[in-house]
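Here are my notes on this model, point by point. Please read them with the structure open.

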Amino acid sequence: MIITEKAPAKINLALDTPMRYFDGLPQWNMVMNSVDLADYVTVETHPSPQTIKVYTDSGFLPNDQRNLAYQAAHILKSRFHQSDGVTIRIQKNIPVAAGLGGGSSDAAAVLRALNQAWHLDLSLAELAKLALSIDSDVPYCVYGHTAHVTGHGEQVTPLPNFPHYWVVIAKPKVSVSTPTILRQINYETIQHVPTNQLVTTIQEHNWAQACQYMGNCLETVTCQEYPEINKLKQKMLSLGADVSQMSGTGPTVFAICHAESRAKRIYNGLKGFCHEVYQVVLL
């Protein structure tokens, strides 16, 4: 059986970490949303050979057990004693190591595809629970719609979808190590984000006010090492963004605009300023 799944990028409308767990990992309090910038993941099951193979059109990604899509297939194959082999082909459109959850979304696409191919009949909640062992963003990506994400990332509460606002995404030419950034969090000085207020405004469909409560508490941490991130954010705001902030641990910055004309202005204004720029919509 061959199944192709769309694997959209995610952005963090709000990212906060109230505390660190005893295992050393952050507790998350986030609002996440997907955008119409996506990889396409084709999953083929076959009786022979009974191995997992991953192929991508990107030279930057591993094609072995380090690949999150491979891990997703391995988890379902071993947990449910499936003898089929799995071949995964990934068409990459989401920038790599960008804070946009491309690898996590690819893994989630594999979980959804194999759930269908092997007739496992797992709910999205059950898939999300399995997904946490792959990466903290994979449970959200299983759902792929506006959601409040808490705990280690496994608690995903769907929210009303945003209107199809325009989003401009720009990735500067730097690479950010997520584990390094997370280790640098100082919980005594970190500037927290009003995530719960954002959740309330979304539940009330108060889209205009929602922009006031968006934010990313890791911006100050990452920007200390990569000041170009803040410069990119300020340029987006000066060009008319309703809100602009970093996604994840960076380095990607996004701008949200309710008007397409503003998004086009930001997109055109950044093309010569930043190597990778995309104009998309919220899903």
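1. Helix H10 and its cover. The buried residues of H10 are covered by elements that include E7, helix H9 (228-238), strand E10 (253-257) and strand E11 (276-281). H10 itself spans residues 260-270, and its buried residues are Ala263, Ile266 and Leu270. These residues lie on the same side of H10, because they span an arc of only 65° around the axis. Bear in mind throughout that this is a predicted model.

2. Helix H6. Which residues of H6 are buried? They are Thr195, Leu198, Val199, Thr201 and Ile202. Their arc around the axis is only 165°, which puts them on the same side of H6. The buried residues of H6 pack against strand E1 (2-16), strand E2 (28-46), strand E5 (147-151) and H7.

3. The end of H6. Gln203 belongs to helix H6, which runs over residues 195-203. Is Gln203 buried or partly exposed? Gln203 has 48% relative accessibility, so it counts as partly exposed. Setting aside neighbours within four places in sequence, Gln203 is in contact with Leu159 and Pro160. Val167 is another matter: 36 residues separate Gln203 and Val167 along the chain, and their C-alpha atoms are 21 Å apart. Just after H6, His205 has a positive phi of about 60°. That backbone value deserves a look in the viewer.

4. Aromatic pairs. How many aromatic pairs does the structure hold? The count is 2. Phe162 and Tyr165 form an edge-to-face pair, with 6.2 Å centre to centre and 70° between the planes. The pair of Phe162 and Trp207 is tilted, because the planes of these rings stand at 45°; the centres are 4.7 Å apart. Phe162 lies in the loop between strand E6 (155-158) and strand E7 (166-171), and Trp207 lies in helix H7 (residues 207-210), so this pair ties together parts that are 45 residues apart in sequence.

5. The aromatic cluster. Phe162, Tyr165 and Trp207 form one aromatic cluster. Phe162 is buried, with a relative accessible area of 4%. Tyr165 counts as buried at 15% relative accessibility. Trp207 is buried, as is Phe162.

6. A charge over a ring. Lys235 lies over the face of Phe273. The distance from the ring centre is 5.1 Å.

7. Cysteines. How many disulfides does the model have? The count comes to 0 disulfides. Cys141 is in no disulfide, and the nearest cysteine sulfur, that of Cys217, is 19 Å away. For Cys211, also in no disulfide, the nearest cysteine sulfur is that of Cys257, at 9.4 Å. A pair needs its sulfur atoms within 2.5 Å to count as a disulfide. Cys141 is buried, with a relative accessible area of 4%. Cys211 counts as buried at 17% relative accessibility.

8. Asn93. Where is Asn93 found? Asn93 sits in the loop between strand E4 (85-91) and helix H2 (102-117). Its relative accessibility is 30%, so Asn93 counts as partly exposed. Not counting residues up to four places away in sequence, Asn93 touches Leu37, Ala38, Asp39, Tyr40 and Tyr278. Asn93 and Asp57 are 36 residues apart in sequence, and their C-alpha atoms are 9.5 Å apart in space.

9. The chain overall. The chain has 10 helices and 11 strands. Its radius of gyration is 19 Å, close to the 19 Å that the globule rule gives for 283 residues, so the chain is as compact as a globular protein of that length. Along the principal axes, the C-alpha atoms fill a box of roughly 55 × 40 × 35 Å. Buried residues make up 55% of the 283 residues.

10. Contacts along the sequence. Consider contacts in the chain between residues at least 6 apart in sequence. Of these, 72% join residues at least 24 apart. The pair of Phe162 and Trp207 is one case of parts linked across the sequence, at 45 residues apart.

Key. Residues numbered from 1 in each chain as written. Predicted model: local features only at pLDDT ≥ 70, side-chain atom pairs only at ≥ 80, totals over all residues. Heavy atoms only, no water. Helix = DSSP H or I, 4+ residues; strand = E, 2+ residues; numbered from the N terminus. Buried < 20%, exposed > 50% of the residue type's maximum accessible area, 1.4 Å probe, protein only. Contact = heavy atoms within 4.5 Å. Phe/Tyr/Trp six-rings, centres within 6.5 Å; stacked < 30°, edge-to-face > 60°. Lys NZ or Arg CZ within 6 Å of the ring centre and 35° of its normal. Arc of directions from axis to C-beta. Rg over C-alpha atoms; globule rule 2.2 N^0.38 Å.
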